[in-house]
Amino acid sequence: MAVGRLSQVRLAGLTVAVPEGLRDWHEQAAQFGAESAEKTAKLTGVFHRRTAAPEVCASDLCHLAAEQLLDTLGWERDTIDAIVFVSQTPDYPLPATACTLQSRLGLPTSTAAFDVNLGCSGYPYGLWIAGRMIGATGFRRVLLLAGDTISHLTSPDDPATAGLFGDAGTATALEFDPLVGDIHVLLGTDGSGESSLCVQAGGARHPGPGTQAIADPSRYLHMEGADVFAFTLRVVPPLVTQLLESAGWTLDEVDHVVMHQANAFLLQHLARRLKIPAEKLVVALDGYGNTSCASIPLALADALADQLATEPQRLLLIGFGVGWSWGGIALTTGPMPRPQIVVCSSTPRELAAHS
Amino acid sequence: MTRHEFLQLVDQVLELPVGTLTPADSFQEHENWTSLSFLGLIAVVDEEVGITLSPAAILKCATIEQLMDLVADKLSDHRRAA
């Protein structure tokens with residue numbers, strides 16, 4: 001695994017925006033039968049989730065989260081050096097959504113902006129990329145915007161994905177701080193897993209069908225659940241062990257382990273395998289669903305907002321999935337403004353008018 | 001773990017009374033076999049035997065006997081490597 005380290009980078013704040021559309025597992029009961037839907041909901045831990053209306057994009061949710069975060073931190077917009085948008089549901093094939101967000105957020109034209117196409121591993125990767133830009137001779141302030149609307153890619157007829165995914169957008173503020181400890185990073189990839197979690201159509205290799213071809217399965221997310229599970233069991237335990245070694249920590253010294261919120265069964269199985277005590281494992285699936293690259297910051301804001309606001313926290317952030325791609329971050333956060341979860345009830349047009 | 005105990009694990013995964021299945025039975029054709037029991041089987045073997053079976057290899061097993069052979073092979077590879 002690629003080993004990295006970030007120095008003099010502080011996680012200054014975090015905000016999450018979720019759509020107002022609240023969905024419930026009974027929809028799947030009507031579609032797939034009550035017994036099967038209930039078993040699935042119990043296994044995944046997702047009885048309720050939030051999904052975005054078709055016209056709401058991940059960028060809209062990230063936009064709202066970023067506006068709220070800038071207000072909370074009191075950061076002037078002309079102090080932002082870069083924005084990184086991590087998503088697998090960008091607004092367009094081109095231009096990069098980060099460019100549109102620079103304009104929508106009213107950031108100066110001196111801002112560096114680009115997209116990163118990663119899903120479940122996207123938050124650790126995003127922290128590493130954004131953090132690497134920061135330094136005494138580099139950028140001072142970077143916004144990491146990680147969000148997805150994966151529910152727009154799931155087929156209502158597929159029991160493996162229909163009730164699992166939710167949508168969210170997040171904004172994380174990173175800034176130069178010479179007095180903070182190092183952040184330890186591990187990253188890895190095994191692209192042989194490309195077909196196990198894949199949306200085939202819509203890219204350059206398989207351009208069609210358009211979004212109008214509702215019945216064509218190639219426009220929907222295909223997920224081989226058993227492959228995902230076996231991949232995770234293969235990769236995550238050594239990732240956690242090596243990350244602890246890199247940081248020089250024992251599991252006892254970690255306050256919380258926040259993994260990509262794939263499903264509750266998987267997280268609890270990994271915790272048993274790694275001997276992570278239940279009180280250190282964050283499970284924040286119910287109410288939101290699996291929100292792809294947004295799931296780690298969402299879980300932080302949902303489960304640890306009070307702790308993050310009051311005391312330093314030693315955290316392991318572990319992302320894994322589509323690619324196959326994985327990343328782990330070991331960091332100590334200082335007290336930060338209490339992370340907020342805001343509900344987005346605006347349409348993209350209203351958001352644009354507001355900014 | 002004995003083969004008899006393994007058989008009981010498969011009963012458990014398929015939510016059947018202990019002693020229902022025999023080594024000659026096809027677990028994948030049982031009416032209780034679903035995508036969730038597929039995950040359950042991988043999880044229980046990982047937890048009880050300490051090895052992660054490949055889903056593709058599981059799908060190639062026509063009977064529980066073949067599944068037990070797969071686990072035994074994988075376990076001896078694992079021990080050789082250790």
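Across the interface of chain A and chain B, three salt bridges turn up, a salt bridge being a side-chain nitrogen of Lys or Arg within 4 Å of a carboxyl oxygen of Asp or Glu. One of them pairs B:Asp46 with A:Arg273, whose closest N and O atoms are 2.6 Å apart. On the side of chain A that touches chain B, α2 (34-44), α6 and α7 (264-274) each supply at least two residues; helices here are DSSP runs of H or I with at least four residues, numbered from the N terminus. The largest share of that side, six residues, comes from α6(A).

A word on ground rules: this is a predicted model, where local features need pLDDT of at least 70 and side-chain atom pairs count only at pLDDT 80 or more, while totals for chains, interfaces and linings use all residues. Residues are numbered from 1 along each chain as its sequence is written, chains are lettered from A in the order in which they are written, and side-chain values use heavy atoms, leaving out hydrogens and water.

So how much do chain A and chain B bury between them? About 1,100 Å², with 71% of it on carbon and sulfur atoms; this is the accessible area (1.4 Å probe) lost on being put together, summed over both. The contact (heavy atoms within 4.5 Å) takes 13 residues from chain A and 12 residues from chain B.

Now look along α6(A), residues 225-247. Its 23 residues reach 32 Å from first C-alpha to last. Just after α6(A), A:Gly248 takes a positive phi of about 70 degrees.

Methods:
Expected span 1.5 Å × (residues − 1). Buried area = accessible area lost by both parts, 1.4 Å probe.
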